[in-house]
Amino acid sequence: MDCPCGSGLRAAILRRKTVEGSRRGNQIVAMRGRRRINLALQGGGAHGAFTWGVLDELLRDEELSFGWVSGTSAGAVNAVALASGLAGSGREEAQAALRGIWEAVEAAGVPDLLRFNPFLFGFARAAPITGVPNFLSPYDFNPLGFDPLRRILTENIDFERIRSSSPVELLIAATDVATGRPRLFRRHEMTVDAVLASACLPNLHQAVVIDGRAYWDGGFSANPDLLTLASESPVEDTLLVQLNPLYHADVPRSAGEIADRVNTLTFNQPLLRDVQVIVAAKEEDLGWFSGRNNRTARLRRHRLHLIEASAYTAKLSADTKLRPDKGLLSYLHGAGRAEAKKWLNSHRAAIGRHSTVDLRARFLEADRRAHEHERAAESKVPCAAAGS
């Protein structure tokens, strides 16, 4: 005859297994229901507040989780703020870290290195900051290498926690001064110097030296990196947050306008190069015997998505990138949230299924399409005038 206590024990074990199985099942369902996406965050100085708004909105979506994050310059700052918060208590802490960074940037206002130099500050008030160092080197007007961003990052970002427990991988781009090639700093090697290197404009700051090599702003070589992200990340969807407009109809004439256009063209080229490689991979006939996991095959099947700020940043003057006043940051943060909300409402279901941006049409033929649109708009003017 069976022992009553044995029957009770077996029943208790069975109930426990049933509960544990139910919990595991719920976890699996939750994981399957969550949509994972990589982030590629372009640089753009104070215009990076738009990206802050995008991330702020994405973090509110409990169905969305993040894989790898590629960032350059202001994109790198946003990336480490996101990673630091997620490595802590999660989404709310990530939102708080992003807000803390941008509130500190706003509090700094005009770069401290200019404020502390009466001559340069007076010059900056009379002309765009982008023109200040054209005749001076940062090794002359900033011999001690002071960078106010170092203090902001140190006070707001827990780099040790990022290295030890960040749930997202990082690709922070800087440019090797000796070779011009991108250097991608990953999560396990993330430091304040890596972010400063990514955001080091050589006409404002001395090169950042890491392990004996000097680095400048990552925008010269990867703005942001897409190829490593698309070919190595196990997550096969990437959302690009693009700050810089690709097309300008007007011809710059003043010295400031020319310098701004040179900078825009320079910092857009790495992105256009990466897009061209991905488009070529997608349009290439791989044949029956090509490997599924080679680089070209991974680029070919990677799904790209886009949120862009050009509707808001195209008409802003170049010096606004270096003048982070409260009104500008608030405006761009709100714009980023609005665009992210629209993107989620329209394209959330596409994550894991298909791309939501035509890379060739949007990036490689943008000038032709914009010119056609401009000519069509101009052709309507005489008709409207004639009918009035």
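Entry 1, ground rules. I am working with a predicted model, in which local features need pLDDT of at least 70, side-chain atom pairs count only at pLDDT 80 or more, and totals for chains, interfaces and linings use all residues. Residues are numbered from 1 along each chain as its sequence is written, and side-chain values use heavy atoms, with hydrogens and water left out.

The chain has 388 residues, of which 47% count as buried. Buried means under 20% relative accessible area, exposed over 50% and partly exposed in between, with a 1.4 Å probe and protein chains only. I also looked up contacts (heavy atoms within 4.5 Å). Of those between residues at least 6 apart in sequence, 77% join residues at least 24 apart.

How many aromatic pairs does the structure hold? I noted 6. Rings of Phe, Tyr and Trp (its six-membered ring) pair if their centres lie within 6.5 Å; planes under 30 degrees apart count as stacked, over 60 as edge-to-face and the rest as tilted. Trp 52 and Trp 102 are stacked, because their ring centres are 6.4 Å apart and their planes are at 5°. Trp 52 lies in helix H2 (residues 49-58) and Trp 102 in helix H4 (residues 91-108), so this pair ties together parts 50 residues apart in sequence. Trp 52 is buried at 6% relative accessibility, and Trp 102 is buried at 4%. Trp 216 and Phe 220 make a tilted pair, with 6.4 Å centre to centre and 55° between the planes. Trp 216 is partly exposed at 32%, as is Phe 220 at 33%. I also noted one aromatic cluster formed by Phe 50, Tyr 312 and Tyr 331.

The 22 residues of H15 (residues 326-347) should span 32 Å at 1.5 Å a residue, and the end C-alpha atoms are 31 Å apart, which agrees. The expected span is 1.5 Å times one less than the number of residues. Buried residues of H15 include Leu 328, Leu 332, His 333, Glu 339 and Trp 343. On the face turned away from the buried side of H15, I found the exposed residues Lys 326 and Asn 345.

How values were computed
Helices (H or I, at least four residues) and strands (E, at least two) are DSSP runs, numbered from the N terminus.
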